[in-house]
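Please look over the sequence and the 3D structure below. The report that follows takes a few places in turn.

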Amino acid sequence: MKQPLIDPFQRAITYLRVSVTDRCDFRCVYCMSENMTFLPKKDLLTLEELDRMCTSFVNLGVKKLRITGGEPLVRRGIMTFFNAMSRHIETGALKELTLTTNGSQLEKYADDLYAAGVRRINVSLDTLDEGKFAEITRWGRLPQVMRGIDAAQRVGMRVKINAVALAGFNEVELFTMQAWCADRDVDLTYIEVMPMGDIGNEDRIMQYWSLKDLRARLEERFTVTDLAESSGGPARYIRLEETGQKIGLITPMSHNFCESCNRVRITCTGEIYTCLGQEGHSDLRAPLRASDDDAQLETAIRAAIGLKPKGHDFDYSRQTVDGQVSRHMSHTGG
C-alpha cells in the first residue's frame, strides 16, 4: 500500500474535487460574467488524462471524488469518464463518486450516472422563483432543473440542494426553501458567497449575507441543534427539531473550516489548488503529459500537497475587493 497523502499540518487528503470543464450553460451572477471567454480546448485535460489523474489520487488514498465544472455534464463524452471511474467504486478503492451540477442536464443523464455508481449529487439552486432564477442564472430555466431533480430522485439518487446566501435576493425565501426541501426529502446546504473572480458589475460585498444571520432567523421559528456529523466536506450541520430536517452551513467568511480541511482541487487544465482561498497552485499537467510513468505524476502530487497552507485568506472585513481570489470559480471547480 502506498504512503497516503499527508499535508504539512498532518491532515490526510482523502477528498478530491476535479473540474472537467470551465464551460457552463448558465451564467450565474456570482460565478461568471455574462460574456465569458472560455479556455481553448487544447488546454483542457482530455478524458483519458482526467482518468489517469484521478486514478493516481485514488492510488494515493483519496476516497471521495467530486466532479465539478463549470457544468460537468456539458463536457462532451463525460459519461465515458464517469464509467471509467466506476471501476474504483467496484474495487472499493473509492468510497464515493459524486458531482455538483446546476441540474440542467440531469433529466438526460440521471440513469447513466446511477449506473456508473453515483448515489448522491449536489444541485446548485438559489431560488424557487422562476423569474428570479432566470435573473440570477441569466440563461437558466427553472422547470428544466426541476425535471432534472425529479429524474435524479426517481432513479434513487440522494439530492442535496446547494443555495448561495445572497443578501437582498433570496433572504425572503429562507423558509420557502426550507419547507420545499423538507417536503421533497432533499437535503439543504447554504453557502456564503465567496470573493472569486471579476464578474463585471456585481458587487460581492453587497451580495454577502452572513450565515450567522441566517441561523438566527431559523432560531426564531425552530429549535436548532448543532450536529457533530460530517459529510466529508466543509459543511457544519444543524437540525431543526420540529421537522427533523438537517441543514448544512458552509461559512468560509464568518467561521472558517480550515483546521479540518481534507480536500484539494484540480482545475480542468491540470492545476492543483490545495486551498480554494489562496492563489498558490502547482502544475500537474506537465508531469502528466511528460511521461506515461505514473511515478513522475505521483511525485508531483506529493510535492504539491507539501505546499498546502494552513488556511485561506477570504476577507470581506476591509469592505474592498483587496485580496480576493482572481480566478473564476468555474475554472477552479465549485
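## A buried arginine

This is a predicted model. Start with R27, which is buried but forms no salt bridge. The nearest side chain of opposite charge belongs to D25, and it is 6.8 Å away.

What does the side chain of R27 reach instead? One polar atom of the R27 side chain lies 2.6 Å from the backbone oxygen of C24. The R27 side chain also reaches the backbone oxygen of E34, at 3.5 Å. R27 sits in the loop between β1 (15-19) and α1 (47-59). Leaving out residues up to four places away in sequence, R27 touches M32, S33, E34, M36, F38, I136, T137, R138 and W139.

## The chain as a whole

The protein chain has eleven helices and twelve strands. It counts 334 residues, and 57% of them are buried. Look next at contacts between residues at least 6 apart in sequence: 73% of these join residues at least 24 apart.

Twelve strands make an open sheet with mixed pairing. Their order is β7-β8-β9-β6-β5-β4-β3-β2-β1-β10-β11-β12. Which strands stand at the edges? They are β7 (224-227) and β12 (282-283). Each has a single partner strand, so one side of each is left without a neighbour in the sheet.

## Strand β10 and its partners

Strand β10 covers residues 263-266. In the sheet order, β10 comes between β1 and β11. With β1 it runs parallel, and four bridges join the two. Here L16 stands opposite V264 of β10.

R265 has Y273 of β11 as its bridge partner. I266 stands opposite I272 in β11. The two strands form a hairpin with four residues between them. In this hairpin, G270 takes a positive phi near 90°.

In a regular strand, side chains alternate between the two faces of the sheet. In β10, R263 and R265 are on one side, with V264 and I266 on the other. Are these four residues buried or exposed? All are buried, and both faces of β10 are covered.

## The nonpolar cores

The largest nonpolar core holds 89 residues. Which members touch the most other members? They are F57, F82, L113, I161, W180 and Y190. Helix α5 (residues 142-155) gives this core its largest share, seven residues.

Take F82 as a case. Leaving aside neighbours within four places in sequence, F82 is in contact with I67, L73, L97, T98, L99, L113, A116 and V118. A second, separate core has six residues, including I191, L227, Y237 and I250.

## A partly exposed aspartate

D185 lies in the loop between α6 (174-184) and β6 (187-192). Is D185 buried, exposed or in between? It is partly exposed, with a relative accessible area of 48%.

Apart from residues up to four places away in sequence, D185 touches Q153 and R158. The side chains of D185 and R158 are joined by a polar contact of 3.1 Å. D185 and Q153 are 32 residues apart along the chain, and their C-alpha atoms are separated by 9.5 Å.

Methods:
Residues numbered from 1 in each chain as written. Predicted model: local features only at pLDDT ≥ 70, side-chain atom pairs only at ≥ 80, totals over all residues. Heavy atoms only, no water. Buried < 20%, exposed > 50% of the residue type's maximum accessible area, 1.4 Å probe, protein only. Lys, Arg positive; Asp, Glu negative; His and termini not counted. Salt bridge = Lys/Arg side-chain N within 4 Å of Asp/Glu carboxyl O. Polar contact = N/O pair within 3.5 Å; in protein donor to acceptor, adjacent residues only side chain to side chain. Contact = heavy atoms within 4.5 Å. Pairing = 2+ DSSP bridges. Core = buried A, V, L, I, M, F, W, Y, C linked by side-chain atoms within 4.5 Å.
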